[in-house]
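Please keep the sequence and the model in view while reading.

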Amino acid sequence: DAVGRGLPGLWISDRGNPSTGERVLVRGLGWRAAFGVRGTHVLLDGVPLTLADGQGQLNVIEPALVDRVEVLRGPASTFWGSGSAGVLAVSTAQSGPRVQARALGGAYGLAKGELAVRPDLGDRARVLAWGSATGQRGFREQASVEAYRGGATATVDLGAGQTLGLVGLGTFVPRAESPGGITADQAAADPRQVRDLSISQDARKRLAQGHLAVSYDRPAFGDARVRITANAAGRTLDNPIIPRYITLDRVSGSLRAVVERAPADALGWAVGVESEGQRDDRLERDNDGGQPGPAVLTDQVETVLANAAFGQLTVPLSAALTATAAARVDVLRYRADPADAPAEAQTLSALSPSVGLSYRTRGATLYANAAGALDAPTTTELGNRADGASGFNPDLGPERTWGGEVGVRASRAAAG
């Protein structure tokens, strides 16, 4: 949660449960996520960590290497998928010591080691490679975690205004336990209490996840630039919970192209298209003492294909006043192929407009935004049916959000 400290309206909490991951709230949106990140589109060094159905995971982010965090809302967030809260853009530190190592320990068995390497490859290339290992016993029983992260980023100047970017990210979590929730009275009596079923059914998760992205940036025409980004990811998960044992194999990918003219003293504009795909092979059995039981509860393949087109226009109305308008069209197709039932499909679509004004004064910027957003249901949410059957919930639709904000941004040079 220290990563987002100092950003108004942003709250990152680890929930105190290593199995469910962090919760990210922007202006209060995202609270309904029982695990992972919902409602906020997450980027790490330009790589989308949010899937076609809106699910996001922060497992591959190493907090020690975070250099900058930005929250984009209103027209500025239009370029990045469904999400009512906006965009959380995280950047790692590309500059620093050639070799940087750190080890630390803390309460409840915390032990962590980190290593970052930035080789000197000349002025036309920058590379950062890093890895970390973390372990902790936890405050409560059935709350231990063991996690390994690693990654590399590279930026290469190809000349003639062309840039090539490469990002590789990975994480392996052999064990992240879940102590489960307790009541307020139980917490007051003994905050270390654990649900008996969390122990007897060995509630936890084991996962491996990887991302690979390639981007290419070059001049287009006039003073406009074009940027093309391709991203691929994979994830495997073993997740015994109460009362199920879930196994999931996921592959996903995206391709996007944006042509942009940055606003200066004249008109600024940007247009783009994006296509994302996701395939989940889901098998859920009963939980037999922390092992897969004989009863098959769900066995199905879930796919999501999301296509979008978006555009933005920035108009300087005066030397101090700027107006921005943007719009995004999303079309998402969900399909479930259960092993014991006919295939089901749903198509969701939405138009999300946004407008904004900003006024620059000496040392401060006043701004106002109004925007609509699509928060599409995830495959996990669609798979929860009241009758417990396979397939998708036919009564669950997307969440539409309309909101506005006003504020002021100011900065002051530090003394000294």
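How many bridges join strand 3 (residues 40-44) to strand 4? There are 2 bridges between these strands, which run antiparallel. The model is a predicted one, in which local features need pLDDT of at least 70, side-chain atom pairs count only at pLDDT 80 or more, and totals for chains, interfaces and linings use all residues. Residues are numbered from 1 along each chain as its sequence is written, and side-chain values use heavy atoms, with hydrogens and water left out.

**The sheet**

- Strands here are DSSP runs (E, at least two residues), as helices are (H or I, at least four), and both are numbered from the N terminus.
- An open sheet of 4 strands has the order 4-3-6-5, with mixed pairing; two strands pair if DSSP finds at least two bridges between them.
- Strand 4 (47-48) and strand 5 (66-72) are the edge strands, each pairing on one side only.
- Leu-43 has Pro-48 in strand 4 as its bridge partner.

**Salt bridges**

- The whole structure contains 20 salt bridges, each defined as a side-chain nitrogen of Lys or Arg within 4 Å of a carboxyl oxygen of Asp or Glu.
- Arg-98 and Asp-120 form one of them, at 3.7 Å from N to O.
- Arg-98 lies in the loop between strand 6 (86-92) and strand 7 (99-106) and Asp-120 in the loop between strand 8 (110-117) and strand 9 (125-136), so this pair ties together parts that are 22 residues apart in sequence.
- Arg-98 is partly exposed at 47% relative accessibility, whereas Asp-120 is exposed at 58% (buried means under 20% relative accessible area, exposed over 50%, partly exposed in between, with a 1.4 Å probe and protein chains only).
- Arg-175 meets Glu-177 in a salt bridge of 2.6 Å, N to O, and Asp-202 in another of 2.5 Å, N to O.
- Asp-202, in the loop between helix 2 (196-200) and strand 12 (204-219), is 27 residues apart from Arg-175 in strand 11 (residues 162-177), and the pair links distant parts of the chain.
- Arg-175 is partly exposed at 28%, while Glu-177 is buried at 9% and Asp-202 is buried at 16%.
- A network of salt bridges links Glu-62, Arg-102, Lys-112, Glu-114 and Arg-149.

**A partly exposed aspartate**

- Asp-281 is located in strand 15 (residues 268-288).
- The relative accessible area of Asp-281 is 31%, which makes this residue partly exposed.
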